[in-house]
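Please keep the sequence and the structure in view while reading.

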Amino acid sequence: MASALARRARGSAAVLWGAARGFASVGSDIVSVAPGVSLQKARSWDEGVATKFSTTPLKDIFYGKKVVIFGLPGAYTGVCSQAHVPSYKNNIDKLKAKGIDSVICVAVNDPYVLNGWAEKLQAKDAIEFYGDFDGSFHKSLDLEIDLSAALLGRRSHSFH
């Protein structure tokens with residue numbers, strides 16, 4: 001995956017760290033690696049209805065922006081709730097001072113679960129949360145993992 005991103009590094013700039021996978025890629029063009037993939041911005045059910053359950057194309061999230069993206073297996077998971085999200089939330093000012101336009105969290109969940117989780121963590125004002133309800137984003141980036149043994153099904157490797 002890292003080499004695929006490196007070969008296609010044009011257009012959008014993203015900072016993608018993959019501790020579990022042993023790679024880091026700065027300035028990668030995620031849009032080219034996951035063509036046609038859209039994500040669902042965290043929202044309430046009523047907001048979903050009001051927007052006709054719209055999705056957000058990756059180009060709208062990444063193109064022309066400096067974005068820090070981190071991914072997690074799912075909302076409400078232990079270390080993700082206690083360490084990963086709070087570490088980004090607590091360092092948001094430092095990241096913005098370095099020219100980062102946005103920090104986003106992506107998980108294989110629906111946008112409504114992510115919305116509730118973001119609100120519970122009081123992180124929605126600092127971090128943009130996006131659902132990858134069918135795992136297509138993570139699969140495109142070769143970050144899919146089967147966590148059925150933990151009753152989670154197909155999910156994402158943590159990457160940050």
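Which residues make a nonpolar surface patch of about 320 Å²? In this predicted model, the patch is made by W45, V49 and F53. Of these residues, F53 has its place in the loop between α3 (45-50) and β4 (56-57), and with a relative accessibility of 40% F53 counts as partly exposed.

## Helix α7 and its ends

Helix α7 covers residues 111-120, and within this helix P111, L114, N115, W117 and A118 are buried. At the start of α7, the backbone nitrogen of Y112 has a side-chain oxygen of D110 within 2.9 Å. After the helix comes Q122, whose phi is positive, near 50°.

## Two salt bridges

The count of salt bridges comes to 2. In one of them, the side chains of K41 and E128 meet with a distance of 3.5 Å from N to O. Because K41 lies in strand β3 (residues 38-41) and E128 in strand β7 (residues 128-131), this pair ties together parts that are 87 residues apart in sequence. K41 is partly exposed, with a relative accessible area of 35%, and E128, at 25% relative accessibility, also counts as partly exposed.

A salt bridge is also formed by D60 with K59, where the closest N and O atoms are 3.3 Å apart. Here D60 counts as partly exposed at 41% relative accessibility, and K59 counts as partly exposed at 49%, since the term exposed is kept for values over 50%.

Notes: Residues are numbered from 1 along each chain as its sequence is written. This is a predicted model: local features need pLDDT of at least 70, side-chain atom pairs count only at pLDDT 80 or more; totals for chains, interfaces and linings use all residues. Side-chain values use heavy atoms; hydrogens and water are left out. Patches are made of residues with over 30% relative accessible area and no salt bridge: like charges are joined within 9 Å, nonpolar side chains (Val, Leu, Ile, Met, Phe, Trp, Tyr) within 5 Å. Accessible areas come from the Shrake-Rupley method with a 1.4 Å probe; for residues, only the protein chains shown count as cover. A salt bridge is a side-chain nitrogen of Lys or Arg within 4 Å of a carboxyl oxygen of Asp or Glu. Helices (H or I, at least four residues) and strands (E, at least two) are DSSP runs, numbered from the N terminus. Buried means under 20% relative accessible area, exposed over 50%, partly exposed in between (1.4 Å probe, protein chains only). A polar contact is a pair of N or O atoms within 3.5 Å; within protein, one must be able to donate a hydrogen and the other to accept it, and residues adjacent in sequence count only if both atoms are side-chain atoms.
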